[in-house]
Amino acid sequence: MSSSCCSPSASGPGADALDQTQAVEERYGAAAHAQEACLCTPVAFDLSLLQAIPRDVVERDYGCGDPTRWVKPGDTVLDLGSGSGKNAFICAQLIGSAGAVIGVDRNVEMLNLARQAAPVVAERIGFANVRFVEGAIEALEAPQVDGAPLIADRSIDVVLSNCVLNLVNPADRQNLLANIRRVLRPGGRLAVSDIVCDKPVPLALQQDPELWSGCISGAWQEEAFLEDFRALGFEKVSYADRSDQPWQVVEDIEFRAVTLVGQLPDD
């Protein structure tokens with residue numbers, strides 16, 4: 001990846017504090033229409049699972065790991081920040097017709113791409129078990145028309161995410177974590193691929209819209225990421241995957257891809 005992908009914006013942060021949500025919306029909205037090479041890092045997936053997925057969905061997926069390897073037949077899967085839908089459609093094949101996948105994303109362009117592909121994938125694999133809903137992943141408790149939350153309590157077997165948690169506004173992260181805990185059933189599992197860093201990210205970098213929307217300056221510190229999920233009550237929390245070499249180095253801070261896994265105890 002070229003250094004231009006991770007360089008601070010030429011203009012630097014503006015006078016006002018960065019609106020992280022707006023920066024992410026604008027960049028990923030554009031990336032739903034044309035592939036952007038600078039978003040996250042390419043990952044090899046099982047080619048046999050990609051054959052049923054339309055090419056534009058695969059090309060406009062932006063991730064840094066493969067959390068789909070932790071789903072099981074019959075699971076109800078929640079894909080946080082489902083984007084183009086690639087991870088959801090892979091999960092659909094792994095869980096089979098007895099399972100279900102819910103993809104949540106707030107970006108309308110990405111949702112449109114995923115929703116248009118859903119009937120195509122269903123026809124190719126022989127069943128429909130995926131739906132995409134509009135919403136903020138940090139606000140899964142948001143009431144819908146019928147008064148029920150976007151995602152119900154204890155309704156999910158496994159929560160997945162692929163290079164998305166770092167995009168959430170810092171002020172909303174505790175609510176994000178609480179919602180992940182709330183929606184999982186007893187014994188529920190977690191598989192989150194994301195970017196972590198080895199040092200605190202200075203405020204100036206956090207205020208840079210290119211670095212924030214590029215999955216860099218919103219990164220959790222590596223040990224803090226583990227501790228935050230342990231604090232929620234997850235057991236066996238560990239990095240199932242961790243890149244040996246940094247993905248990017250910005251101002252002497254190393255950013256690398258990891259996949260965090262964990263499991264809640266049975267009641």
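Colleague: Why is Asp61 called buried?

Modeller: In this predicted model, Asp61 has a relative accessible area of 16%, and buried means under 20%, exposed over 50% and partly exposed in between, with a 1.4 Å probe and protein chains only, so Asp61 counts as buried. Local features here need pLDDT of at least 70, side-chain atom pairs count only at pLDDT 80 or more, and totals for chains, interfaces and linings use all residues.

Colleague: Where is Asp61 found, and what does Asp61 touch?

Modeller: Asp61 sits in the loop between helix H3 (55-59) and strand E1, where helices (H or I, at least four residues) and strands (E, at least two) are DSSP runs numbered from the N terminus. Not counting residues up to four places away in sequence, Asp61 touches Ser84, Lys86 and Asn87, contact being heavy atoms within 4.5 Å.

Colleague: What makes the pair of Asp61 and Asn87 a polar contact?

Modeller: Their side chains come to 3.2 Å, and a polar contact is a pair of N or O atoms within 3.5 Å, of which, within protein, one must be able to donate a hydrogen and the other to accept it, residues adjacent in sequence counting only if both atoms are side-chain atoms.

Colleague: How do you know that helix H4 is largely enclosed by the rest of the structure?

Modeller: Eight of the ten residues of H4 (residues 86-95) are buried, and therefore the helix is described as largely enclosed. The buried residues are Lys86, Asn87, Ala88, Phe89, Ile90, Cys91, Ala92 and Ile95, and H4 is followed by Gly96, whose phi is positive, near 80°.

Colleague: What makes Arg242 and Glu222 a salt bridge?

Modeller: A salt bridge is a side-chain nitrogen of Lys or Arg within 4 Å of a carboxyl oxygen of Asp or Glu, and the side chains of Arg242 and Glu222 meet at 2.4 Å, N to O. This pair links distant parts of the chain, with Arg242 in strand E7 (residues 235-242) and Glu222 in helix H9 (residues 222-230), 20 residues apart. Glu222, at 18%, is buried, whereas Arg242, at 39% relative accessibility, counts as partly exposed.

Colleague: Which side chains meet in a salt bridge at 3.3 Å, and why is Arg256 called buried?

Modeller: Glu254 and Arg256 meet at that N to O distance; Arg256 has 6% relative accessibility and so counts as buried, while Glu254, with a relative accessible area of 30%, is partly exposed. The structure holds 13 salt bridges, and those that share partners join Asp66, Arg69 and Asp241 into one network.

Colleague: What makes a set of residues a nonpolar core, and which residues have the most contacts inside the largest one?

Modeller: Such a core is a set of buried Ala, Val, Leu, Ile, Met, Phe, Trp, Tyr and Cys residues joined through side-chain atoms within 4.5 Å. The largest has 32 residues, and those with the most contacts inside it are Leu78, Phe225 and Phe229. A second, separate core of 24 residues includes Val101, Leu113, Ala114 and Leu160.

Colleague: How do you know that Phe225 is buried?

Modeller: Phe225, which lies in helix H9, has a relative accessible area of 0%, and so the residue counts as buried. Leaving aside neighbours within four places in sequence, Phe225 is in contact with residues including Leu165, Val192, Val196 and Tyr239.

Note on methods. Residues numbered from 1 in each chain as written. Heavy atoms only, no water.
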